[in-house]
Protein chains: 2
Amino acid sequence: MADGAVNRQGMVSLVGAGPGDDGLLTAVGAERCLEWADLIVADRLALPAIERWRVRLASRGVEIIDAGKAPGGAGWTQQRIHALLIARAREGKRVVRLKGGDPFIFGRGLEEVQVLEAAGVPWEVIPGLSSVLAAPALAGIALTLRGVASAFHVLTGETGDGGDGLARWREAARLPGTLVVLMGVSGLARVTGGLIQGGMSGDTPCALIERASLPDQRVTVAPLTAL
Amino acid sequence: MADGAVNRQGMVSLVGAGPGDDGLLTAVGAERCLEWADLIVADRLALPAIERWRVRLASRGVEIIDAGKAPGGAGWTQQRIHALLIARAREGKRVVRLKGGDPFIFGRGLEEVQVLEAAGVPWEVIPGLSSVLAAPALAGIALTLRGVASAFHVLTGETGDGGDGLARWREAARLPGTLVVLMGVSGLARVTGGLIQGGMSGDTPCALIERASLPDQRVTVAPLTAL
């Protein structure tokens, strides 16, 4: 330690960045970024939420690491992110791990917490607006409506975990209530095809929401067959 | 109009208050309450999110109406709330309709929007942290985890709409992934009994989360049979 320096203990704050617009970050989440952090390690989807604060953050000397892509263009591995969080916290840094949406919804936040816990690094979680709910709301779509839908179901459009896919969509087609498919654009044909094969009516009203809350948000409303 | 007064058009902003803690209101939601509103019409569950701002709001002359309960003790009807929102907006007031969690998740927000739309009153929706996601996150519980749960399902513990109840829980017991039951405390025995009768293992790990984010938040973790 340098003369007079306080041997401060480092910590990691997992902050949900919400859907992207910085006004939709929570008050606590904004405070962690703007007043508390020494370092922000951001997912690609979380970067728009702090874009407008670049100057303020730079004037405070906050380092921003875009963990969504490496300088060479390849993606960061989860292991590399874990190692960075632990190393910086052990240096005494206050690290904001800024994640798109909510850290605990399809965000691998719990995996990061488990790793930090095992490494003895103090951590906290600040929830954020998940796009699961915020994207429909911003498009004026309610997931529940009395007498129409009293439940909703959330799944991801990515295959993940080696599931066979089609069986999943057949099962999903029979769920009562509103269906929310996250990350559904890249495999859209597979999702809609699976739902139709699973017995969902081709007339089912659907909305495709891209880049929710951002200036170029796009909402496409169409029946399932036309999506 | 008084001399020099601008004939301002009224508007209603439906703001999601989040789970209760004022730090979990979004930045835009806080701005609407603290800088924009002439009047706040708050649900009971939304009041804690502005409790600490009472003095600031009073100094700005913001009127706060607790629409969760009337002076006489009886609850406000939805119709009375609709009439109030429309009347005040027509007087040129900027009205914040502050709703617990997110306005569009089991919050009747869409019904209010439809009524405002029909009355020709300008409106907007500011999403909020729904307790659907925020309550588990604040209790350190992830709804999804790779290899364990890749989907989650959200339903309400209240019977509503005259559904027969038991059939719903039998169906819910078979859903793959994590089950989130909102407003499940008052009918807890009915919910757990229905799930067990529906075939869900009594050993299924469960958490009961009450008053999420508030100082007296309570989390009970137990197997289904012991809840």
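This briefing describes salt bridges in a predicted model. Local features require pLDDT of at least 70 and side-chain atom pairs count only at pLDDT 80 or more, while totals for chains, interfaces and linings use all residues; side-chain values use heavy atoms, with hydrogens and water left out. Residues are numbered from 1 along each chain as its sequence is written, and chains are lettered from A and ligands numbered from 1 in the order in which they are written. Over all chains, the whole structure holds 28 salt bridges (a side-chain nitrogen of Lys or Arg within 4 Å of a carboxyl oxygen of Asp or Glu).

**Chain A**
- Lys99(A) and Glu112(A) form a salt bridge, with 3.0 Å between the closest N and O atoms.
- This pair links helix 5 (residues 109–119), which holds Glu112(A), to strand 4 (residues 94–99), which holds Lys99(A), across 13 residues; helices (H or I, at least four residues) and strands (E, at least two) are DSSP runs, numbered from the N terminus.
- Glu112(A) is buried at 0% relative accessible area, and Lys99(A) is buried at 2% (buried means under 20%, exposed over 50%, partly exposed in between, with a 1.4 Å probe and protein chains only).

**Chain B**
- Lys99(B), buried at 2% relative accessible area, forms a salt bridge with Asp43(B), the closest N and O atoms lying 3.8 Å apart.
- Because Lys99(B) is in strand 4 and Asp43(B) in the loop between strand 2 (39–42) and helix 2 (48–51), the pair ties together parts 56 residues apart in sequence.
- Arg211(B) and Asp216(B) form a salt bridge at 2.7 Å between the closest N and O atoms.
- Asp216(B) is partly exposed at 44% relative accessibility, and Arg211(B) is partly exposed at 49%.
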